[in-house]
Structure formats: structure tokens, C-alpha cells
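I opened my notebook to write down what I looked up, one topic at a time. Keep the structure open beside these notes and follow along.

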Amino acid sequence: NNTEQGFVYSTEIQPTLEDIQINVNGTNISTTIEGLSPNTTYYIRAFLTNTLGDFYGDEIDFTTEEEITGSCDGTPYPSIVYGIQEWTVENACHTTYRDGTPIPEFTDTMEWVNLTTGAWAYYNNDPTKPRLYNWFAVMCIHDVASLSDASLRKEFAPEGWHVPTDAEWTTLEEHLIANGYNYDGTTTLNQIAKAMASTTGWYISINPGAIGNDLSLNNSSGFNAFPEGVRFSNGLFASLGYFAFFWSSSEYFSNYVWFRNMDYYLSNLDRSNGLKQSGFSVRFVRD
């Protein structure tokens, strides 16, 4: 003879019918809760009411994940868990550091060449094309003073995330290889690029296992690497549709940094190093 039953939840312990209430009919009741705030602890318990009064089940609590903010349209960057890591599966495209400080856009070739602070540019200076960042931006070097004093730097990645190190890229590679993401299903060598590449945007190749060989077979891992090309350290743009370049946060030596890249005609995710003034794409890994 229950008159009402369901769940109540709140950000305070021991929620009651005075808090948010979800009525559910049936014997074995369940519910989905939507519209929760990120990085917030909630308390929930079942309830029923009848002529004898109000009754509550055992309380459980959970904490929602940190929201990834700062994408192009203000919505969170989507992400996927790979083994012990969680990666964003869209390229960074925001134009401010975490605290709202603008990351400047530089269109002039010679200005780009001489930069030692953070900057971005649309590919070919075309607003319909992707954004590329120099290494100073991804390392939070927003002005001359922060170049030599790390304590003055602005955070580039959203709260709870960071630009992957060279070692973290290697961990991702090893996980994908070991879990059968090579194009031929083997678990040795590095032939994972096809499983990481998007199903659109790449030029065609006839090489077996190449990214460009039958795009419909790409992206089995969900990483969704799009060929956004590069802005070279000399300020010139190239390779849209042919290559994808991704920064790491790890320096190689002097003015060089480790990065990963994919080629439309190859099957491997390549590791190389390039100048900090180059403009590449960026992904994030959860802290």
C-alpha cells in the first residue's frame, strides 16, 4: 500500500523528501540521474511512503568527474580510457589559458618564426581550418617572464588534465599494440595508426595497412586523429589531409621537443622531434 516510492538525492548527507525526489513505480526500482554538477559529491537513498510514514534505504554516495572545459564551443572535450590512462579524443581548439588569459593568434610568417611565447594559428590562416599551437603555448609560457620563471606560467590544459609526456605517449602505444589494434591484429611492432586515425579527411593510399587505405576501416580505437597538418618553424603551412602531428611536453634537447605523427601512406604512429616554434595539434591526458 505504498503511496510513493523512488529515490531522493542531495549534496548533503541523508537526503529526505525535502530534497530532489525521483518517483519510480515497480518492484525492482532503478533510475538514471542527469544534469549533475561536475566534481561534486552526491548522496542518494531509496524511499517509500505509506500510511505508516516515510522510510529510507541505505545511503550511498558518489562523486561526479571533473568537467573538461575550454573547447571551441565551451563544451567538454570527449575522452576515452585506454588501460590506465584517459585521453581526450578531440584536438585542443581553445584560445585562452585555463584562467582566461588569451593565447594570441599570429598570422604573420616572420612574427611566428621569432616567437618564444605561446601562440596559435588557423591552418593557412583560414578560420574554417583547425587551430595549431606552438610548444610555448602548450607549456604555458604566456609571456617573456614566464619563459625563464615556471612559477609565472599559465595552465594550458583544462583542470585535471595535462599535455602528455613522451613516456605517456609510449604507454598509449604499448597498450594499443598489446590489445590488438595493429591493422593486421598482431601484437608486435607498431602498426596502430589506422586504428587511431579518423575515418574522414585523409588522402588515399594503396599501401596495405596505411591510414589512407579504405578509410572506413579506420578509428577502431576511437582516438579519432584528424590530419590537421603542420605549421613549420619557418611559419609556412603544409600537409593538411596528409599528416597529423601531436605535441608531447618532453624536450629532446635545446630547442627540440618529442612529438608523434601519423602519415596517410603508413601504418605506424611515428616518434620524432621538432622545433618548439612549430605548430602542431594537441591532446590531453587526465592527471
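Predicted model: local features only at pLDDT ≥ 70, side-chain atom pairs only at ≥ 80, totals over all residues.

**Salt bridges**

I began by counting salt bridges, and the total came to nine. A salt bridge here is a side-chain nitrogen of Lys or Arg within 4 Å of a carboxyl oxygen of Asp or Glu. Residues are numbered from 1 along each chain as its sequence is written, and side-chain values use heavy atoms, with hydrogens and water left out.

I then looked up the pair of arginine 286 and glutamate 86, whose closest N and O atoms are 2.7 Å apart. For my own reference, helices (H or I, at least four residues) and strands (E, at least two) are DSSP runs, numbered from the N terminus.

Are the two partners buried or exposed? Arginine 286 is partly exposed at 22% relative accessible area, whereas glutamate 86 is buried at 13%. The cut-offs are under 20% for buried, over 50% for exposed and in between for partly exposed (1.4 Å probe, protein chains only).

Next I checked glutamate 155 with arginine 98, a salt bridge of 3.9 Å, N to O. Glutamate 155 sits in the loop between α3 (144–148) and β10 (161–162), and arginine 98 in the loop between β7 and α1 (109–113), 57 residues apart. Glutamate 155 is partly exposed at 41%, and arginine 98 is partly exposed at 35%.

My next pair was aspartate 166 and arginine 271, with the closest N and O atoms 2.9 Å apart. Here helix α4 (residues 166–178) holds aspartate 166 and strand β15 (residues 270–275) holds arginine 271, 105 residues apart. Aspartate 166 is buried at 11%, while arginine 271 is partly exposed at 41%. I also noted that Asp166, Glu173, Arg260 and Arg271 are linked in a network of salt bridges.

**Sheet and hairpin**

I traced an open sheet of three strands in the order β13-β14-β15, with antiparallel pairing. β13 (243–253) and β15 are the edge strands with a single partner each, so one side of each has no neighbour in the sheet. The twist averages 35° from one strand to the next; axes are lines fitted to C-alpha atoms, for helices over the stretch in contact, and angles run from 0 to 180 degrees between N-to-C directions.

β13 pairs with strand β14 (residues 256–263) over seven bridges in the antiparallel sense. Two strands pair if DSSP finds at least two bridges between them. I found phenylalanine 246 opposite arginine 260 in β14, and arginine 260 is also part of the salt-bridge network.

Elsewhere, strand β3 (residues 41–50) and strand β4 (residues 53–56) pair in the antiparallel sense over four bridges. They form a hairpin with two residues between the strands, and asparagine 50 stands opposite glycine 53 in β4.
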